[in-house]
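Good morning, and thank you for coming. I would ask you to look at the sequence and the structure together while I speak.

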Amino acid sequence: MKQIFSFLLFIATAGYSQNKQALKLWYNKPSGRTWENALPIGNGRLGAMVYGNVEKETIQLNEHTVWSGSPNRNDNPVSLDSLPVIRKLIFDGRQKDAERIANRAIITKKSHGQKFEPVGNLQLAFDGHEGFSNYYRELDIEKAVTKTSYTVGEVTYTREAFASFPDRVIVMRLTASKPGKISFIASFTTPQKRATIKTTQGAIGAKELTIFGTTSDHETVKGMLNYKGIVRIKPEAGMLTATDTSLTIKNANAATIYISIATNFNNYNDISGDENERAAGYIDKAYPKSFTAILPLHIAAYQKYFNRVKLDLGRTGAANLPTDERLKNFNSVSDPDLVTLYYQFGRYLLISSSQPGGQPANLQGIWNDKINPPWDSKYTININTEMNYWPAEKTNLPELHEPFFQLVKDLSVTGQQTAKDMYGARGWAAHHNTDIWRTTGAVDGATWGIWSAAGGWTSQHLWEHYLYSGDKNFLASIYPILKGASTFYVDFLVEHPSKKWLVINPDMSPENAPKAHQNSSLDAGTTMTNQIVFEIFSTTIKAAEILKKDAAFIDTLEQMRKRLPPMQIGQHGQLQEWLDDIDDPNDKHRHISHLYGLFPSNQISPYRTPALHSAAKNTLIHRGDISTGWSMGWKVNWWARMLDGDHAYKLIQNQLTPVGSNEGGGGTYNNLFDAHAPFQIDGNFGCTSGITEMLMQSADGTLHLLPALPGVWRGGGSIAGLRARGGFELISMQWKDAKLVKAVIRSTLGGNLRLRVPNEMKLNNRSKLKEAIGENTNSFYQTEVTPTPVISEKAVITSPGLKQTFVYDISTKPGQVIILVSNQ
């Protein structure tokens, strides 16, 4: 009978839009001891994981600058003298021998990167609450507020928590349905080894619980980062008492907890700040305010970002279950609203972990409970950190890109010494990892650390921001960074002895070590690096032309760009990962770095480079779908660029699978965190980007609507608020039966709007649209010509089999709104 009722409920609610129910993660049981069950809140400076446990609540706390170590460098100066030997060995095919020398001469002998560390846990103990019922907890991502409620006896208890954006504190309010029922003990625990926990009398007379100390020494670097955390509790009626290390609330009607954390960090080479003054300053300003006064200001500040984009993929009765059950069921039922929730959760996480003036989102965003987190929870810049910011421009969160821009600006300074001392080059260089101290040396080992293309890739984010905004002042400000990245490659490229192309040596295709190279990752001129160098040269040329400067340097880049290796299609019809045709069709490696040219770059296109498109597709098929969480997130974007919505959706299904269910691969935790496994936040951001790419793309010379719509979404849906290159904003778009019904587009910069759509459209005043002819005159949509690939005689090239689309040119003026409707 229960099954029949559930089925009828499923049918009755099918088709409801997301507006019928708020965007919430919700559960009917506590987190227990599992960190990945807890719910994340954050304001870009503070992060917290709220467990929602009843008798002993845990609020795990992070602050964005609490890292081990202190200002340091980790270059290996032995590198420069060893380069000729390493290069010759690689050119001679003796990669393993080169690797042994590189491990000694290039990989750092100092710090391999510092750790993002937790501050500790605020514990709230509730005596007598063990026998609870009616349990419920949620994270409302439309308001950035968590809520926990339950009943003990005849009393219903409620807790609400958020990380205030304007006030820079975490606030939790505890209430009960009957007066005098709020009683608990608040205390701190911490994995920090040099922490002190004690109660004190605050400056305004309030008793407070404090935690303070210095972070860890790590890998030859002395810990000198000082932190201070302050907790104040404001009870309504009742009594507040203190022991040496705890605060106790007795018989209050309600209580509000305020949490402030700060450090002495100013920037990567300055830790002269006063953590005590800062922490006290934040809480002194917030504490006099009531919960009801702080909450609406927090919601307004959050919604300024979040409300810009709305997505509706439809709703079925499957959405009525708790989030963890929806996750378990996703691959066997129709639950499009879970995709909507996951999509918007990605945007929620970026808003919560990356705010202007703060640190960029790291491997775990701003949430980490371990003193020794996986990969130090730092910045892995051979894919993961870049992936964190793929949604920033197109999902209308450009301000949140700023912390990453600042990281790149910092690296462009610290990386100058790395380029000079390690490689004898001008410009700036960075390898595959960095941290809060902006180290740029090679770390971990030659298999991972030799890669030196981070400068080119990270700089592309700055250029992308210009392409979306058209802000020439911004372009002028970041041009030296682009030029510096290109200058390094100008000096570091060498001629291949037999192929005569200019290549980077030593080089690697991130973390992949082919059998043909004696299981060594080292090589010269790998495809990904060639694509990155081609792109940063092209970007710098365009930027210099726009700014009317550096004509001689432009000429140098143009001449050297002609000598870069073109992409190659190998004997298996694959895009070659290396200069030699040695790809193994059975290689399932998580990194498919040589598809950088497909996404995030636009060097491979179904419309402009059909042979390379065919090769990229074969490579994706060879590598398979199931992989680590972040890798599957990247694959959603690749299959969207392949214009294959059904395959992109298959990857979404793989990603929205409970962790442990994908044999040999990642998935998703109950709180919708991405699983590598373990937790890495990049997969969340990567999938949000990929879903956007399925619905709109603007990197291939047109603004393309519904480029990769999967069958499961073809019935109908809508999205609003996306941004495209050239200052275009998709105010709204609706589709039905796989046809575009209506699109409203604002032009902020003016210029030609070249629109590619799946069916014929017209202006809402019934005017006929002009068919596009020739090159797009809008400079933001001009694509660089991809060099003709070298194709193996054994390769089989398959035509993309493109579906019919209609391409229009619409002349626009700044501020103009274009309304298009279906012609059918």
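Serine 822 has a relative accessibility of 17%, and because the limit for a buried residue is under 20%, serine 822 counts as buried. Please keep in mind throughout that this is a predicted model. Serine 822 belongs to strand 38, which covers residues 817–822. What does serine 822 touch, once neighbours within four places in sequence are left aside? Its contacts are Leu740, Val741, Asn759, Glu760, Met761 and Lys762. Alanine 743 is 79 residues away from serine 822 along the chain, yet the C-alpha atoms of the two are separated by 8.9 Å.

The buried ones are Gly645, His647, Ala648, Tyr649, Leu651, Ile652, Asn654 and Gln655. Against which elements do the buried residues of helix 18 pack? The partners include three helices, namely helix 7 (336–353), helix 17 (629–641) and helix 19 (682–695). Strand 25 (667–668) and strand 26 (674–675) are also packed against by these buried residues.

The largest nonpolar core contains 224 residues, and within it Leu122 and Phe184 touch the most other members. Helix 13, residues 472–492, supplies the largest share of this core, with 11 residues. Another core, of 16 residues, lies apart from it; among its members are Val145, Tyr287, Ile294 and Leu295. As for phenylalanine 184, residues up to four places away in sequence are not counted, and its contacts then include Leu124, Ala125, Phe126, Leu174 and Ile233. Also touched by phenylalanine 184 are Leu247, Thr248, Ile249, Ala255 and Ile257.

Strand 11 is joined by 7 bridges to strand 12, residues 207–214, and the two run antiparallel. Isoleucine 197 faces isoleucine 211 of strand 12 across this pairing. Strand 12 in turn pairs with strand 13 over 7 bridges, again in the antiparallel sense, and there threonine 210 stands opposite isoleucine 230 of strand 13. Between strand 13 and strand 16 there are 10 bridges, also antiparallel; here glutamate 236 stands opposite alanine 254 of strand 16. As a general point, side chains in a regular strand alternate between the two faces of the sheet.

Finally, a pair of helices. The axes of helix 2 (residues 79–91) and helix 10 (residues 402–423) come within 6 Å and cross at roughly 55 degrees. The two helices are therefore oblique to each other. Ser79, Leu80 and Leu83 make the contact from helix 2, while Lys420, Asp421, Met422 and Tyr423 make it from helix 10. Sorted by class, this contact has 4 nonpolar, 1 polar and 2 charged residues. Thank you for your attention.

Key: Residues numbered from 1 in each chain as written. Predicted model: local features only at pLDDT ≥ 70, side-chain atom pairs only at ≥ 80, totals over all residues. Heavy atoms only, no water. Axes fitted to C-alpha atoms, helices over the stretch in contact; angles between N-to-C directions. Helix = DSSP H or I, 4+ residues; strand = E, 2+ residues; numbered from the N terminus. Parallel < 35°, antiparallel > 145°, perpendicular 65-115°, else oblique. Contact = heavy atoms within 4.5 Å. Nonpolar A, V, L, I, M, F, W, Y, C, P; charged D, E, K, R; others polar. Core = buried A, V, L, I, M, F, W, Y, C linked by side-chain atoms within 4.5 Å. Buried < 20%, exposed > 50% of the residue type's maximum accessible area, 1.4 Å probe, protein only. Pairing = 2+ DSSP bridges.
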